[in-house]
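User: Hi! Could you walk me through this model?

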Amino acid sequence: MFAKRIGIDLGTANVLVYERGRGVVLDEPAVVAITERDNTVIAVGDEARGMIGRHPGSIQVIRPMRDGVIADYLITEAMLRYFITRVVGRFNPIRPEVMICVPVGVTGVERRAVRDAAEAAGARRPAHLIPEPLAAAIGAEIPVGSARGHMVVDIGGGRTEAAVISMFGIVASDSVRVAGDRFDDAIAQHIKRRHNLLIGERTAEEVKIAIGAAIPDLENDPIAQVRGRDQITGLPRTISVRSSEVTHALQDHLSVVVQTVRRVLEQTPPELASDVIDRGIVLTGGGGLLRRLDELIRHETGVPVHVAEEPLTCIAKGAGQALDYIEVIERALPTEEESLIGEGR
Ligand SMILES: Nc1ncnc2c1ncn2[C@@H]1O[C@H](COP(=O)(O)OP(=O)(O)OP(=O)(O)O)[C@@H](O)[C@H]1O
Ligand SMILES: [Mg+2]
């Protein structure tokens, strides 16, 4: 029997597992339900997500990843163990070979925590790490091995990462803790302030996906019905929210995303920048699906922008495919000394 070879995208919002030869075999929210009393895990993934905002006080529903990094080590490990076991089979004694993604801007300590959690959760030692933008580019079928500049911008739940890649290496990059989750917060805040209505994170996300846009379309300004609790009467109430209102609420965060892209373009050596202008920027991650975000970035940077074909799955796929060239990938990771310099970002 051979070891399974899997790529894992351990995201703030979603965990995906790609198995070589089979494709994406698991795609679930990064959510765990535990008992308040003794931290026993009672549900993971889809099942736990269904409990958000609906569970009794004796149960806690946790998202163990925050801003693209591990916020709760033990719960992350338990979640990974559950997912890896589901993919590999409970009675399979052969540990899988694992390539797992880490954001580029994280510290050595944060990176090590991901490796340790994967190994403790059942991955064969050593578990391999890959910078997320590199995995995204491989998964989006960009020829990252060539001596050409390629730019990827990944907008996930917790983080936006922009990077220019050439010859399997990251030439310039930047990352900020502003992405889908912050967009949801901004929408909830806006609805609270403007309409005195309290809504939960899931409702805010639904509004974003239903009518959110990075550039308003004033001629055809769609409306969503939003249900929540009135801040004054305390009773349930439904209001109408316009897409342009959501755009307005997202304004500050969108400009942070745009600034991040611009900073990376500014750091990129001229030859590579000219390749990026020729080929365009590729958007990945769920946040890349926000309506007209590609247009906004194109408008603000002057560089063409395309959304990857499968923006939500390309990182897991790229991580799985990268198992074919482990040595080159490991060279792309910063050394321990280099990551000390970036510590604390
Ligand atoms: N159609 C859509 N429009 C806007 N946002 C979307 C859409 N679909 C998904 N999203 C958002 O994408 C985010 C999840 O994306 P993704 O799965 O790439 O994140 P992640 O990899 O888990 O997070 P990170 O990479 O930051 O750790 C969520 O915030 C979700 O609301
Ligand atoms: Mg991600």
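Predicted model: local features only at pLDDT ≥ 70, side-chain atom pairs only at ≥ 80, totals over all residues.

User: Which domains does the chain have?

Analyst: Domain 1 covers 5–134 + 316–341 and domain 2 covers 180–249, with bounds from an automatic or database domain assignment. Their C-alpha centres lie 31 Å apart.

User: And how many residues are in contact between them?

Analyst: 4 residues of domain 1 are in contact with 4 of domain 2 (C-beta atoms, placed from the backbone, within 7 Å).

User: OK, ligand 1. Which residues come nearest?

Analyst: Gly11, Ala13, Gly156, Gly180 and Gly286, out of 23 around ligand 1 (C-beta atom, placed from the backbone, within 6 Å). Both domain 1 and domain 2 supply at least three residues to that shell.

User: Which element gives the largest share?

Analyst: That's α6, with 3 residues; helices are DSSP runs (H or I, at least four residues) and strands are E runs of at least two, numbered from the N terminus.

User: Switching topic: what is the strand order in the sheet?

Analyst: β3-β2-β1-β9-β10, an open sheet with mixed pairing (strands pair if DSSP finds at least two bridges between them). β3 and β10 are the edge strands.

User: How many bridges join β9 to β10?

Analyst: 4, and the two strands run parallel. Val102 has Pro131 of β10 as its bridge partner.

Note on methods. Residues numbered from 1 in each chain as written. Chains lettered and ligands numbered in written order. Contact = placed C-beta atoms within 7 Å.
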